[in-house]
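The exercises below ask the reader to work through one protein chain, step by step, with the structure in view. Each task is followed by a worked solution.

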Amino acid sequence: MGKAKMGDVIEWEEKKTNVTRMGIVRKVLSNSVIVDIDGTYDVTVVSHKRYKIKSEA
């Protein structure tokens, strides 16, 4: 599995709540991505180790 790129839709599981979240990659960093959760720039940072790519841009 490769790293996500800008515009990809990814999913990951939140550690505290065990809830699976989805979002759109807005920026790729060296060891993580910045993800827009709901399309209104409610963003979070997700490590490359924790997500799966659902669809590519």
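Predicted model: local features only at pLDDT ≥ 70, side-chain atom pairs only at ≥ 80, totals over all residues.

**Exercise 1.** Does tryptophan 12 count as buried or exposed?

*Solution.* Begin with the location of the residue: tryptophan 12 is part of strand 1. Next, take its relative accessibility, which is 4%; because buried means under 20% relative accessible area, tryptophan 12 counts as buried. Then look at its surroundings, where, once neighbours within four places in sequence are set aside, the contacts of tryptophan 12 include Val19, Met22, Val35, Ile37, Val46 and Tyr51.

**Exercise 2.** Describe the setting of histidine 48, from its place in the chain to its polar partner.

*Solution.* Start from the secondary structure, in which histidine 48 falls in the loop that links strand 4 (43–47) and strand 5 (51–55). Although it is a loop residue, histidine 48 is buried, its relative accessible area being 14%. Now list what surrounds it: beyond residues up to four places away in sequence, histidine 48 touches Lys3, Val28, Leu29, Ser30, Asn31, Ser32 and Val33.

**Exercise 3.** Characterise the fold and the overall dimensions of the protein chain.

*Solution.* First count the elements: the chain has 0 helices and 5 strands, which gives the order β-β-β-β-β from the N terminus on. Then compare its extent with expectation, for a compact globule of 57 residues would have a radius of gyration near 10 Å, and the chain, with 10 Å, agrees. Along its principal axes the C-alpha trace spans about 25 × 25 × 20 Å. Turning to burial, 25% of the 57 residues count as buried, while the accessible surface comes to about 4,000 Å², with 52% of it belonging to carbon and sulfur atoms. Last, examine charge: there are 11 positive and 8 negative side chains, and the centres of these two sets lie 7 Å apart.

Definitions and conventions
Residues numbered from 1 in each chain as written. Heavy atoms only, no water. Helix = DSSP H or I, 4+ residues; strand = E, 2+ residues; numbered from the N terminus. Buried < 20%, exposed > 50% of the residue type's maximum accessible area, 1.4 Å probe, protein only. Contact = heavy atoms within 4.5 Å. Rg over C-alpha atoms; globule rule 2.2 N^0.38 Å. Areas by Shrake-Rupley, 256 points an atom, 1.4 Å probe, with all protein chains shown as cover. Lys, Arg positive; Asp, Glu negative; His and termini not counted. Charge placed at Lys NZ, Arg CZ, Asp CG, Glu CD.
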